[in-house]
Amino acid sequence: HGVSWQVFPLSLKSIIKGSVNMRVQCTFFSSSIPPPSYFSLPRPCSRSSTGREKNDKPSRPAITRGSSNKELLDDRTREEERREVLEIVQQATNTSEEKSAEGDRNRPKENVKPEVPSAEASLKTVEAEETMEKKSKSIIDEFLHINDFKEALQCVDELNSLSLLHVFVRVGVESTLERSQITREHMGQLFFQLIQSEKLPKDEFFKGFLELLELAEDMAIDIPHIWLYLGELVTPMLQEGGISMRELFTELSKPLLPVGRAGVLLAEILHLLCKQMSHKKVGAQWKEAGLNWKDFLTEGDDVQNFISDKKLEFTISDVSGPTEALSKMELSAEELNKWLEKLIIEDKASNEQIFDWVEVG
């Protein structure tokens, strides 16, 4: 009947206005003219009108090309903003997690770092000591074969490793401990000359010697005279230009005091020293050093019994024995000759006793 069903794709206002006009037209036709059979079918205007009456709200406007593009753009914009926010949150979360993980990784590294260099340094030290040990054996073997002190001193100096000379000392003691007395005395003399010429630091000498002293108590089972042998190696140090008696005895006693052997070694050294000078001089050196036997014996040891057993009276008395008392007598040349014959032939006095007698006289 001339009704044109058009949709106005312009704006929401135009759509609403068109919907009202269509409602008016539909009402006119329904009141004046009986509707044909095809009007019983659902019409666009009746759907629009019915839906609006039921909901009391305007129905969703028809989607036009212009409005759909704008909404799509708005949706895309909102979606992009939401994505950007999510990305920022994720980045912040990831950054904090990475920092936390990095901190966790750094903590053990800080603890491990000191261990790695120490392990590497320890390995290098072992390798350096092995190299020094080989060189030391070569120098000592040659020295003991030709007894050339000058060349031995030069070879030790050429090692250019003061911090490892304790290895040389240890090898020297080990190489000569069970050999002849003269060999040990030569080795001890070499130690003395190295100290005297300042080619061997004292702390390196003590370090190397004490490494063996720590095992001496166990070694004594197989080497019964080990304390005498050690004394022969160390006694030359007491010569002028070597090590003082107090310093030497104090250092040597450190590993031996716990096992009660410090006094035994010192007694051997003092008796060896008496072969080179009088008992009186040795006793005087002991007293000048301010030494006391109580400092070198265990708590339960009887000091007087120890001194008596080891014949160390010269360390606590001005008179070393009957020999020195005899020397105080005024003798003529003939009487002096008789007393010497008596000491040597009848009494079979030791060299140090004869030296004491002659020196004091």
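I looked up the salt-bridge network first: Glu133, Lys137, Arg170, Glu174 and Glu211 are linked in it. I counted a salt bridge where a side-chain nitrogen of Lys or Arg lies within 4 Å of a carboxyl oxygen of Asp or Glu. By this rule I recorded nine salt bridges.

I noted that the model is predicted, with pLDDT of at least 70 needed for local features and 80 or more for side-chain atom pairs, while totals for chains, interfaces and linings use all residues. Residues are numbered from 1 along each chain as its sequence is written, and side-chain values use heavy atoms, without hydrogens and water.

Entry on helix H4. I found Glu133 and Lys137 joined by a salt bridge of 3.8 Å, N to O. The two residues are four apart in helix H4 (residues 115-146), about one helical turn. I took helices as DSSP runs (H or I, at least four residues), numbered from the N terminus. Both are partly exposed, Glu133 at 23% and Lys137 at 42% relative accessible area. For these classes I used under 20% for buried, over 50% for exposed and partly exposed in between, with a 1.4 Å probe and protein chains only.

Entry on helix H6. I found Glu174 paired with Arg170 at 3.7 Å, N to O, again four residues apart, in helix H6 (residues 165-176). Glu174 is partly exposed at 45%, whereas Arg170 is buried at 16%.

Entry on Glu232. I found its salt bridge with Arg184, with the closest N and O atoms 2.6 Å apart. Glu232 lies in helix H9 (residues 226-234) and Arg184 in helix H7 (residues 181-196), so the pair ties together parts 48 residues apart in sequence. Glu232 is buried at 7%, and Arg184 is buried at 3%.
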